[in-house]
Every structure is written in C-alpha cells, then in structure tokens.
Amino acid sequence: MSHAMFRAYADAVKAEIGVATTTRFIALAETTDGRFGLFHHSMLPGAGGADPHYHSRISESFYVLSGEVRLHDGTGWRTARAGDFMHVPENAVHGFRNESDALVEMLIIFTPAEHREGYFQGLADLLADGNRPSREAMVALMEKYDQFEVEAPDTDHDHPHSHSHGDGTGHHHGPVGTRPHVHA
C-alpha cells in the first residue's frame with residue numbers, strides 16, 4: 001500500500017541561481033515516481049530568466065504567486081500577475097523574466113518530472129561565486145535536460161505596437177547569441 005509524502009517548505013532543497021534567483025525543489029522526480037516536478041521559483045527585481053526555448057519531452061506550467069513576471073507564450077511577451085497561469089505543452093516555445101521592481105514568486109510544474117532539479121542545481125553550480133559560464137557549458141547543460149533555445153517573436157502583447165528589448169543583464173535560461181542564459 002502507498003502512503004502520502006509530506007515535505008515542509010523549510011525542508012525543501014533550494015538552489016541559489018546567481019544572485020537574483022532561488023528555486024526550491026518542492027516535489028522531486030523521486031518523490032512523484034517521475035510523474036511531475038514542482039518548484040517554487042523566486043526572482044529578485046530585474047532578474048533575468050529563461051529566453052524563449054522549448055522542451056521536446058515535457059510540458060511546463062507557470063502559476064504566479066506574487067509580483068509581475070513577463071512570460072513568453074511563443075508569439076511574444078505578456079505580463080502575468082498573481083493568480084495567472086500559463087501551460088506550455090511539449091515542443092511549445094516559452095520563456096520568462098522579471099522586468100519589474102518587485103520580487104516575483106511562482107510555481108513551475110514539469111510533467112513528467114525529467115529530473116529538472118538537476119537542471120536548476122546545474123545552473124546554480126555553473127553560476128556559483130559570480131562565474132560566467134561559456135555558451136558551450138550552458139548548451140551542454142540545457143541539452144542534457146531537454147531544453148533548446150530558439151529565436152522567437154519579441155512582440156509585447158501588453159503594448160501591441162511596441163517591442164520589448166532586454167538589456168542582456170541578469171541571468172537567463174540558456175544561450176542566445178553570445179551571452180549565457182540561465183533558467184527553466
């Protein structure tokens with residue numbers, strides 16, 4: 001017979017990704033028999049995130065707990081606020097970043113789990129002590145965990161007649177161009 005598993009928030013393993021992002025591993029692949037992974041993701045003001053990318057074997061969902069996060073839905077960027085949700089099926093382009101002046105907290109759900117905690121811990125390790133990993137190191141980490149960056153429309157859905165352009169600062173989820181990027 002199976003039994004329930006409880007983990008207190010304070011007991012969750014966390015990865016410090018650079019100086020601006022913390023990811024807590026709430027439900028690990030080993031906990032859910034690989035069915036899903038659940039992560040609490042906190043981004044300080046101005047924190048970079050994931051440039052547009054896709055996963056070939058997993059879906060990813062975002063549920064915003066607090067703050068305003070910019071989400072890329074494959075067609076452009078939009079602002080998501082507390083209570084907003086975005087589901088991304090396999091092979092769908094998506095991304096996120098915190099362009100605001102406030103802390104952003106969100107839940108990220110991966111189905112199946114695919115041991116995504118290894119990806120976030122790998123990011124933390126690559127960025128430890130202010131390191132700036134090479135493009136090759138970032139690509140290797142991303143590909144190991146089913147993450148592939150792509151060029152995607154830079155349309156701003158909140159202001160349909162303008163485009164958003166990042167300044168390349170912060171950390172992101174993988175490489176585009178020559179700058180290393182970091183997240184999910």
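1. One definition is needed at the outset: a residue is called buried when its relative accessible area is under 20%, exposed when it is over 50%, and partly exposed in between. Glu99 has a relative accessibility of 42% and therefore counts as partly exposed. Please keep in mind that the model is a predicted one.

2. Overall composition. The protein chain contains two helices and eleven strands. In sequence order the pattern is β-β-β-β-β-β-β-β-β-β-α-α-β. The chain has 184 residues, of which 45% count as buried. Its accessible surface comes to about 9000 Å², and 54% of this belongs to carbon and sulfur atoms. Among contacts with a separation of 6 or more, 70% are made by residues 24 or more positions apart.

3. Five strands form an open sheet in the order 7-6-9-4-11, and their pairing is antiparallel. Strand 7 and strand 11 (148-149) stand at the edges with a single partner strand each, so one side of each has no neighbour in the sheet.

4. The hairpin at one end of the order. Strand 6 (residues 68-72) and strand 7 (residues 77-81) run antiparallel and are joined by five bridges. The two strands form a hairpin with four residues between them, and Gly74 in the turn has a positive phi of about 95 degrees. Strand 6 is also joined to strand 9 (residues 94-97), in the antiparallel sense, by three bridges. Leu71 illustrates both pairings: its bridge partner in strand 7 is Arg78, and Phe96 stands opposite Leu71 in strand 9.

5. Strand 4 within the sheet. Strand 4 (residues 50-54) is mostly covered, with four of its five residues buried. Two bridges link strand 4 to strand 9 in the antiparallel sense, and two bridges join strand 4 to strand 11, again antiparallel. His53 stands opposite His94 in strand 9 and opposite Glu149 in strand 11.

6. In soluble globular proteins, nonpolar side chains tend to be buried together. In this model the largest nonpolar core has 31 residues, and those with the most contacts inside it are Phe62, Val69, Phe96 and Phe120. The elements that give two or more residues to this core include strand 1 (13-17), strand 3 (37-43), strand 5 (59-66), helix 1 (116-127) and helix 2 (135-144). Helix 1 gives the most, with five residues. Residues up to four places away in sequence being left out, Val69 touches Val64, Arg78, Thr79, Ala80, Phe96, Arg97, Val104 and Met106.

7. Ile109 lies in strand 10 (residues 104-111). With a relative accessible area of 22%, Ile109 is partly exposed. Which residues does Ile109 contact, leaving aside its neighbours within four places in sequence? They are Phe36, Gly37, Leu38, Ser59, Glu60 and Ser61. The C-alpha atoms of Ile109 and Ala27 are separated by 9.2 Å, although these residues are 82 residues apart along the chain.

8. A nonpolar patch at the surface. Tyr63, Leu65 and Phe85 form a nonpolar patch on the surface, with about 290 Å² of accessible area together. Phe85 belongs to strand 8 (residues 85-88) and counts as exposed, at 53% relative accessibility.

9. Salt bridges. The count of salt bridges comes to ten. One of them joins Asp33 to Arg35, with the closest N and O atoms 3.8 Å apart; Asp33 and Arg35 are both exposed.

10. Arg70 and its partners. At 7% relative accessibility, Arg70 counts as buried. Glu99 forms a salt bridge with Arg70, and their closest N and O atoms are 3.3 Å apart. Glu99 lies in the loop between strand 9 and strand 10 and Arg70 in strand 6, so this pair ties together parts that are 29 residues apart in sequence. Asp158 also meets Arg70 in a salt bridge, at 2.5 Å from N to O. Asp158 lies in the segment after strand 11, so its pairing with Arg70 in strand 6 ties together parts that are 88 residues apart in sequence. Asp158 is partly exposed, with a relative accessible area of 33%. Through salt bridges that share partners, Arg70, Arg97, Glu99, Asp156 and Asp158 are joined into one network.

Methods:
Residues are numbered from 1 along each chain as its sequence is written. This is a predicted model: local features need pLDDT of at least 70, side-chain atom pairs count only at pLDDT 80 or more; totals for chains, interfaces and linings use all residues. Side-chain values use heavy atoms; hydrogens and water are left out. Two strands pair if DSSP finds at least two bridges between them. Patches are made of residues with over 30% relative accessible area and no salt bridge: like charges are joined within 9 Å, nonpolar side chains (Val, Leu, Ile, Met, Phe, Trp, Tyr) within 5 Å. Accessible areas come from the Shrake-Rupley method with a 1.4 Å probe; for residues, only the protein chains shown count as cover. A salt bridge is a side-chain nitrogen of Lys or Arg within 4 Å of a carboxyl oxygen of Asp or Glu. Buried means under 20% relative accessible area, exposed over 50%, partly exposed in between (1.4 Å probe, protein chains only). Contact means heavy atoms within 4.5 Å. A nonpolar core is a set of buried Ala, Val, Leu, Ile, Met, Phe, Trp, Tyr and Cys residues joined through side-chain atoms within 4.5 Å.
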